[in-house]
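Open the model in your viewer and keep the selection tool ready. Each stop below tells you what to select next.

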Amino acid sequence: MNLATEAGVATKIRRMADRVRWGHPVFARHGIDPCRLAVAGDPGTPEAFSFLVLGDSGTGLHRRATPQRRVAEQLLAHGADARFLLHTGDVVYPVGSSEQYPDNFIRPYREWIVGGEDWRGLRYDQLVFRVPFLPVLGNHDYYDLPLPLGLLAGLTAPPRRLLRRWIQLDVGWHGSYVGQAWARAFLDGLAAVPEAGLEEHLARTRTATVDGARCLLYRPGAFTRLPHRHYTFRWAGLDVFALDSNTFNQPLPAGDDDGELRRRRQQLDAERGALLLSLGPLSGDEDARDDRAAKAQQLDEQIRDIDKQLESGPPAVDQEQLDWFADALIASWRNPEVRGRLLVLHHPPVVTEVSKWDQGQTLAVRARLRGVLDRVAAALGDRPAGRPLIDLAFSGHAHCLELLHTGDTGHGDAHIPWLICGGSGYSLRRQRPEGPELLEGPAGSERVVARSRLFLGRSGRGSSLRRSYSALRVDVAAGSPLTLTLTPLVAEKAEGRWRHGTLDPILLPATG
């Protein structure tokens, strides 16, 4: 039995659309852009500022010295300067349930939330943020529990709370209900607004105008909601595009020659079964519990990836979202007021983390983003020499901090710096033994698609084991062309002791 279930692409799209009344005629009637966000305080001029990035954070496996809280404290040390926080997805683990928000989200980030000093009294669906907290959906934010596991977890919750030093199963009665908990925590849930009051609600909340269209105004400390599961906003002349990659990550079918995949699935399933049998009474070593539970989750994800490849028929793809991104990116490049462009989504198209680098979902996201960027490049024609279509892209999903640069791919995704920020609390993973270069193409004529410049995660073994949890500070220089400085924020555990600090800043000058 899988540890979690996942709805199909069409179901995810439909459920999320219903929650924001997607396509309701009132939007067109009043000239409202349903995917545009304006953040109060935007200076509108290309001034210097900083922001923070984290991802794959919401674990409840640790009860003492939680890595998630250690990283949150690192973020707080830089919070006074930050204009917003980007979250690359998997806000709570393991199944995005509302039951997990109090301990796995509200408690560790309480200083960012109005009323957070009394965090136990806060409702997950009524949060107001002091500083803009801007997430995308991760796969775990969409996951649900198989009914037997939900019943077992719910019925055994009281004894597990008493015995949690020995037994840890970080689930409750239910899962996310296809992303419902994430939606109630972060979206402006228009489905809950009566039809008779919808126009009044939109008149009160869609009070900003950007590029000639009305849009939702995000007001820190007062009203902090997002317009949709994918959205865009601008700060100081920098456009940020946030995508829901869960609806365009479906791998291509394996086809008739699927024997090796099936054998691999059987091997992983046997390994997962043996590991689950060992998840009963454990030693009091919290790191050991974390490692075993996280390994089970990793195996579950690898099996799910293979299952998606073994499905028959063409893969479901959220073409509407991809078309929206292409059109929005083209418009951004044609707008002289925009000095740069950032992208954030959960699933990375390039990564060297050992469990994700060659997954079917990773390759699917690469192919579909490449198709979008090829279309954008064709529409724009000549650009400043060497200037990538995206100045910096962020993702999570891989449990590490990694900086890669795509190479001369011959496509619109060439020369993009890609920052994987997925090591902010959940168990970390290693870099693949094959090394930092990713190749693609037929045997004998492969080309380098990306090279890794930095990798932080799990390293060493035995007494030399190091766990480097992380987040990121990004400093944006004033003016144009865009210049970025990346400062990794690290909470590392080695030899039973924590060390905190920053790594040397990395400069990303715009070229051309």
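A polar contact is a pair of N or O atoms within 3.5 Å; within protein, one must be able to donate a hydrogen and the other to accept it, and residues adjacent in sequence count only if both atoms are side-chain atoms. Helices (H or I, at least four residues) and strands (E, at least two) are DSSP runs, numbered from the N terminus. This is a predicted model: local features need pLDDT of at least 70, side-chain atom pairs count only at pLDDT 80 or more, and totals for chains, interfaces and linings use all residues. Residues are numbered from 1 along each chain as its sequence is written, and side-chain values use heavy atoms, with hydrogens and water left out.

**Stop 1: helix H3**

Select threonine 66. This residue caps the N-terminal end of H3, with a side-chain oxygen 3.2 Å from the backbone nitrogen of glutamine 68. Now select H3 itself, residues 67-77. Its buried residues (under 20% relative accessible area, 1.4 Å probe, protein chains only) are Pro67, Gln68, Arg69, Val71, Ala72, Gln74 and Leu75. Their cover includes strand E2 (49-54), helix H4 (101-106) and strand E16 (466-476).

**Stop 2: phenylalanine 105**

Select phenylalanine 105. Contact means heavy atoms within 4.5 Å. Not counting residues up to four places away in sequence, phenylalanine 105 touches Val91, Val92, Gln100, Ile113, Leu127, Phe129, Phe133 and Phe186.

**Stop 3: proline 220**

Go to the loop between strand E6 (213-218) and strand E7 (231-235), where proline 220 sits.

Technical notes: Buried < 20%, exposed > 50% of the residue type's maximum accessible area, 1.4 Å probe, protein only.
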